[in-house]
Amino acid sequence: MRILGIDPGLRRTGFGVIEASGMRIHYVASGTIVVPTELPLHQRLKAILDNIREIIQTHRPDDSALEKVFVNTNPVSTLLLGQARGAAMCALADSNLNVSEYTALQIKKAVVGNGHAKKEQVQLMVQYLLSLNGLPAPDSADALACAICHAHANPLSQKLKSHEAGQLSHKSRMRAGRLIG
């Protein structure tokens, strides 16, 4: 499965594409969409939308993961981040991609093992997990980390959905928050 991870931002939106097969993950592409700050807000949002559409057309992901907005101390910044995230989500939805959302805490926990890891730690682990020659840029690393988090969380999520729908065998059951059987 090819996964597109997005780290939304109004100035810099990171993207990362990985290929996941079971527990194996491989790097496909990554980068940062840099949006000129002198543009009016609606054109900045359109730039994010158009660039993500282009990335989707180029790399043809099967699924997507998006970092959830955190509540910042500055409400204006939080609202602007939410709008950038909305533009990214619209591009994903417009391409009929499933959108899974993860908090920064979930992403860091999945990739580094510590939900309060620093950006540098995320960059180093992404480099290690994807066998990259160099350290990825911070926004790209965050987007790749989001995709990695989804690659690890999605199989369990799918099993839980099947369990809730009654599609798993009668031997499958939940014990202490884990799916057994």
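The following questions and answers explain the terms applied to this predicted model.

Residues are numbered from 1 along each chain as its sequence is written. Because the model is predicted, local features need pLDDT of at least 70 and side-chain atom pairs count only at pLDDT 80 or more, while totals for chains, interfaces and linings use all residues, and side-chain values use heavy atoms, without hydrogens and water.

Q: Why is the pairing of D50 and K46 called a salt bridge?
A: A salt bridge requires a side-chain nitrogen of Lys or Arg within 4 Å of a carboxyl oxygen of Asp or Glu. The N to O distance between the side chains of D50 and K46 is 2.6 Å, so the pair meets the definition. The structure holds 7 salt bridges.

Q: Where do D50 and K46 lie?
A: Both lie in helix α1, 4 residues apart, which is about one turn of the helix. A helix here is a DSSP run of H or I with at least four residues, and a strand is a run of E with at least two, numbered from the N terminus.

Q: What makes D142 buried or exposed?
A: Buried means under 20% relative accessible area, exposed means over 50%, and partly exposed lies in between (1.4 Å probe, protein chains only). D142 has a relative accessible area of 12%, and is therefore buried. The closest N and O atoms of K119 and D142 are 2.3 Å apart in their salt bridge. This pair links distant parts of the chain, with K119 in helix α4 (residues 119-129) and D142 in helix α5 (residues 138-164).

Q: Which residues do salt bridges with shared partners join into one network?
A: The network consists of K46, D50, R53 and D94. Within it, D94 forms a salt bridge with R53, with the closest N and O atoms 3.1 Å apart. D94 is in helix α2 and R53 in helix α1, 41 residues apart.

Q: What makes a set of residues a nonpolar core?
A: Its members are buried Ala, Val, Leu, Ile, Met, Phe, Trp, Tyr and Cys residues joined through side-chain atoms within 4.5 Å. The largest such core has 21 residues, and L4, I6, I48, I52 and L92 have the most contacts inside it. Helix α1 gives the most to this core, with 7 residues.

Q: Which residues is L4 in contact with, leaving aside its neighbours within four places in sequence?
A: Contact means heavy atoms within 4.5 Å. The contacts of L4 include F15, V17, I55, I56 and L92.
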